[in-house]
Amino acid sequence: MERTILITGVGKRIGYALAKYYLAQGHHVIGTYRTHYDSIEQLGKLGASLHSCDLTDPAAIEALIAHINQHHDRLDTIIHNASDWLPDNSGLSPSETMARMMQIHVAAPYQINFALGPLLVAAAKTNEDSIGASNIIHITDYVAEKGSKKHIAYAASKAALHNMTLSFASLLAPHVKVNSIAPAMILFNEHDDDAYKVKALAKAILPREAGNNEIISLIDYLQGSHYVTGRSYAVDGGRQLK
Ligand SMILES: NC(=O)C1=CN([C@@H]2O[C@H](COP(=O)(O)OP(=O)(O)OC[C@H]3O[C@@H](n4cnc5c(N)ncnc54)[C@H](OP(=O)(O)O)[C@@H]3O)[C@@H](O)[C@H]2O)C=CC1
Ligand SMILES: Nc1nc2c(c(=O)[nH]1)N=C([C@H](O)[C@@H](O)CO)CN2
């Protein structure tokens, strides 16, 4: 059955991989982006509905919501993927750093979940005998549980995002399942040097760069499940056992 899936931050890396995967599966993807890369052109050619939306701008989020409400009568899944891994020493003031992290990782998903919740419920009601409940998936981070010396605001905002998983799961049950995925070390960044890579890999008991498919497979599982809500799924190579 064709699903309509909203994914934030589809311009690169995990968000781009998710968008391409779901388009290839025949689903309808609504994607948001901040920077217009060639990847956005490619996703458009593959049939995605694409919206420029800087998640630090509540008015841009309102416009996105209004457009989706106007043009879609159902929504099966929201994947909150967009994120800014801002270190505490970026040069922004502490209050700007925290405000930015809380806006992108907490306020934006909060605004979107409330506004598009009715579309998720509407989709679930038409599905009751087939794929069942709709889904909200919050992509958090391993550091939501562990903390991070260099990304304190980022880690706190991802912890708050997981807390919203609990609240929205209660609020929207039984029509919408709400879960977190808490990854670590899925993809290195281009600028990561060998020393960084060795140190990062050594944090896990499965010391490897996991890759996009780990996230895609878990999202497939969560969408297909009839009985999982309000939980966090770690995809972290067993870091807690180190
Ligand atoms: N990669 C990893 O190993 C890990 C990833 N994660 C989480 O997984 C998810 C995907 O990770 P990854 O693909 O690496 O993330 P990236 O940082 O590479 O990409 C995130 C996306 O979010 C977008 N974005 C950033 N800021 C904003 C903003 N203000 N408004 C709108 N969009 C914005 C980016 O757009 P733009 O190109 O314009 O910056 C980009 O498309 C994230 O939630 C991340 O925190 C967690 C742990 C490990
Ligand atoms: N939005 C992002 N969040 C995170 C990223 C990233 O590139 N963008 N990267 C990481 C690291 O890969 C980390 O898991 C290992 O160094 C964490 N979060």
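These legends walk through several close-up views of one predicted model.

The model is predicted, so local features need pLDDT of at least 70 and side-chain atom pairs count only at pLDDT 80 or more, while totals for chains, interfaces and linings use all residues. Residues are numbered from 1 along each chain as its sequence is written, chains are lettered from A and ligands numbered from 1 in the order in which they are written, and side-chain values use heavy atoms, with hydrogens and water left out.

**View 1. The whole chain, for orientation.** Eight helices and seven strands make up the secondary structure of the chain; helices (H or I, at least four residues) and strands (E, at least two) are DSSP runs, numbered from the N terminus. The C-alpha atoms fill a box of roughly 50 × 35 × 35 Å along the principal axes. For 242 residues, a compact globule would have a radius of gyration near 18 Å, and the 17 Å of this chain agrees. That radius is taken over C-alpha atoms, and the globule rule is 2.2 Å times the number of residues to the power 0.38. Of the 242 residues, 50% count as buried. Here buried means under 20% relative accessible area, exposed means over 50%, and partly exposed lies in between (1.4 Å probe, protein chains only).

**View 2. A patch of positive charge on the surface.** Five lysines gather here: Lys146, Lys149, Lys150, Lys199 and Lys203. Patches are made of residues with over 30% relative accessible area and no salt bridge; like charges are joined within 9 Å, and nonpolar side chains (Val, Leu, Ile, Met, Phe, Trp, Tyr) within 5 Å. Lys and Arg count as positive and Asp and Glu as negative, while His and the chain ends are not counted. Each charge is placed at NZ of Lys, CZ of Arg, CG of Asp or CD of Glu. Take a look at Lys150, in the loop between helix H5 (143-146) and helix H6 (152-172). Lys150 counts as exposed because its relative accessibility is 60%.

**View 3. A nonpolar patch around Tyr110.** Tyr110, Phe114 and Leu171 form this surface patch, and together they have about 320 Å² of accessible area. Accessible areas come from the Shrake-Rupley method with a 1.4 Å probe, and for residues only the protein chains shown count as cover. Tyr110 sits in helix H4 (residues 94-127) and is partly exposed, at 43% relative accessibility.

**View 4. Pro109 in helix H4.** Helix H4 also holds Pro109. With a relative accessible area of 4%, Pro109 is buried. Its C-alpha atom is separated by 11 Å from that of Lys158, 49 residues apart along the chain.

**View 5. Two salt bridges.** A search of the whole structure finds two salt bridges, each defined as a side-chain nitrogen of Lys or Arg within 4 Å of a carboxyl oxygen of Asp or Glu. One joins the side chains of Arg74 and Asp76 at 2.6 Å, N to O. Asp76 is buried, with 2% relative accessible area. Asp84 and Arg100 meet in a salt bridge at 3.3 Å, N to O. This pair links distant parts of the chain, 16 residues apart: Asp84 is in the loop between strand E4 (77-80) and H4, and Arg100 is in helix H4. Asp84 is buried at 18% relative accessible area, whereas Arg100 is partly exposed at 25% relative accessibility.

View 6. The peptide bond from Ala173 to Pro174 is cis, with omega near 5°, and Pro174 lies in the loop between H6 and strand E6 (176-183). Arg13 is not a glycine, yet it has a positive phi of about 50°. Arg13 belongs to helix H1 (residues 13-24) and is partly exposed at 33% relative accessibility. Met185, not a glycine either, has a positive phi of about 55°. Met185 is found in the loop between E6 and helix H7 (194-201) and is buried, with a relative accessible area of 16%.

View 7. Ala159 lies in helix H6 and is partly exposed, with 28% relative accessible area. Ala159 and Asp141 are 18 residues apart in sequence and 8.1 Å apart in space, C-alpha to C-alpha. Thr32, in strand E2 (residues 28-33), is buried at 1% relative accessible area.
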